[in-house]
Amino acid sequence: MRILIADPSRTTQHVLAIILSEVGHEAVGVLCGTDALGALATDDSIDILITSFELPDMTGLDLCREARRLPADRSPLYIFAMSASVSDARIAEALDSGADDFIGKPPSRVEFFARLRAAQRVILAQNELVRLATVDLLTGLPNRRAFFLRAASLIRHAEQERSELALVLFDIDHFKSINDRFGHDAGDAVLRGIGEIVGRSGLRVARIGGEEFGLLIADVGFDHAMQRAEMLRSAVQAASFSTISDELNVTISLGIARYRHGETLSSLMKRADVALYAAKSAGRNRLLA
Ligand code: GH3
Ligand code: MG
Ligand code: MG
Ligand code: MG
């Protein structure tokens, strides 16, 4: 696991990091609460925060509370509060501030390792729940819920940075007739195949409905976003999808909308959906803005 240590002493950080490395964990240290929050916000691979009660810019308890307010799309975080002075009141205060556990400073090795194993069980279970809640079972792509969480987060980002964001919606053409002619299993195989194609494209496409997909493209110019969407269209057109009995070809229609600062997600979705509808009406297998 990756562990962030917030402690005002480099020596304490170093000693803890060595103890943690003995049981295979990788630790990084920060000296204050502000740096800890920065690291947690930017590095999603950190599973555990160990914070001292005493930090130069805020208390460890404040850090616990702030860490619990990180965006909902951040991966689960387990928090140890750590203090040299141990009392029932202090332990209760730490847990009530958002810590999951409390350790003495320095921690007793045997107990600390057991508490880390307990933490690891909780983290694995939480990550599994997140996976079940955010991954589409059939295609392995992010699901509708994951798509909306990410969209909210990217709109916040676009507002803060005044940066570019584009939303693409696409839908398989005449998909009903694939089910009708070749069976529902063949339809499922095509959906899985679409999952593989978009997976290879490196784009973070989500399955937001039966045969409808969504893609958010942040921080690139609109022309570039259109090129990426067009790349998807031609990749799907070029692919052939193997079902038990047939090799099928399918196409997709895409609508793209450029985020306008201040607009809501539902307005952006609406505009992409209108463009998708226009692409269908214009003959399908095309991208329209
Ligand atoms: P259009 O080009 O206008 O999009 O035509 P279409 O036939 O794709 O559109 P329509 O919305 O009428 O049909 C979508 C079909 O997708 C209907 C539904 O049975 C099928 N579908 C939705 N989810 C699944 C799924 O998980 N598996 C399979 N096999 N079919 C699905
Ligand atoms: Mg549809
Ligand atoms: Mg349809
Ligand atoms: Mg369709």
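**Close-up views of a predicted model**

**View 1. Surroundings of ligand 1.** Ligand 1 is surrounded by 16 residues, the closest being Asp-173, Phe-175, Lys-176, Gly-187 and Gly-210 (near: C-beta atom, placed from the backbone, within 6 Å of the molecule). The model is predicted: local features need pLDDT of at least 70, side-chain atom pairs count only at pLDDT 80 or more, and totals for chains, interfaces and linings use all residues. Residues are numbered from 1 along each chain as its sequence is written, while chains are lettered from A and ligands numbered from 1 in the order in which they are written. At least two shell residues come from each of β6 (165-172), α7 (175-182) and α8 (184-201) (DSSP runs numbered from the N terminus; helices are H or I, at least four residues, and strands E, at least two). With four residues, α8 gives the most.

**View 2. Packing of α7 against α8.** The axes of α7 and α8 lie 6 Å apart at an angle of about 135° (lines fitted to C-alpha atoms over the stretch in contact; angles run from 0 to 180 degrees between N-to-C directions). Phe-175, Ile-178, Asn-179 and Phe-182 of α7 meet His-184, Ala-186, Gly-187 and Val-190 of α8 (contact: C-beta atoms, placed from the backbone, within 7 Å).

**View 3. Val-168 and its contacts.** Not counting residues up to four places away in sequence, Val-168 touches Gly-214, Leu-215, Ile-217, Ala-229, Leu-254, Ile-256 and Ala-272.

Definitions and conventions:
Two residues are in contact if their C-beta atoms, placed from the backbone, lie within 7 Å.
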